[in-house]
Amino acid sequence: MRPDIDEYFLKIASVVAERSTCLRHHVGAVAVRNKHILSTGYNGAAAGLKDCLELGCLRDELGIPSGTRHEICRGIHAEQNVIIQASLHGVSIDGSTLYCTHTPCILCAKMLVNARIKRFVTFGKYQDDSFKELFREAGIEIDIRQKPSSNITYLK
């Protein structure tokens, strides 16, 4: 069965998440406009710096619950990296759909509002639901779907 376009890009976001260096959550994100990938991002330390795979998780060591005290983490969220990568390559994500493996934290939600995405599609849930009201106010459509199958269908 051929996946619909949302399932297709959610599967791609799931593959992007495999690059994550976070020990708590593997998150992947893909910005898409007109069925064209504009940018991808996953969560992990800033480029060229040591990550949690090498150093361990400071948040775990300090007993900090998920969804709180974001400033303690050395990682950059997948949604932030989508925006950063687009910017580095001179690509606007204005009017795009963001496919992400998790719902956004409030900090990422604010950034996505300013990046002017029009739609957010996900299948996973992050600890923080405060993004919903912000997205409603900004007119960003939220589409929470079932997790896509991890199977890849090949032609015979």
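In strand 6, C100 has T122 as its bridge partner, and the two strands involved, strand 5 and strand 6 (residues 119-122), pair in the parallel sense over 4 bridges. Strands here are DSSP runs of E with at least two residues, and helices are runs of H or I with at least four residues, numbered from the N terminus; two strands pair if DSSP finds at least two bridges between them. The structure is a predicted model, in which local features need pLDDT of at least 70 and side-chain atom pairs count only at pLDDT 80 or more, while totals for chains, interfaces and linings use all residues. Residues are numbered from 1 along each chain as its sequence is written, and side-chain values use heavy atoms, with hydrogens and water left out.

| Strand pair | Sense | Bridges |
|---|---|---|
| strand 1 (residues 28-33) and strand 5 | antiparallel | 4 bridges |
| strand 5 and strand 6 (residues 119-122) | parallel | 4 bridges |

Within strand 5, V32 stands opposite T97. From strand 5 (residues 97-100), T97 and Y99 point one way and L98 and C100 the other way, and all are buried, where buried means under 20% relative accessible area, exposed over 50% and partly exposed in between, computed with a 1.4 Å probe on protein chains only.

Turning to a helix, Q80 is found in helix 4. Q80 counts as buried because its relative accessibility is 15%. Leaving aside residues up to four places away in sequence, Q80 touches C108 and M111, a contact being heavy atoms within 4.5 Å.
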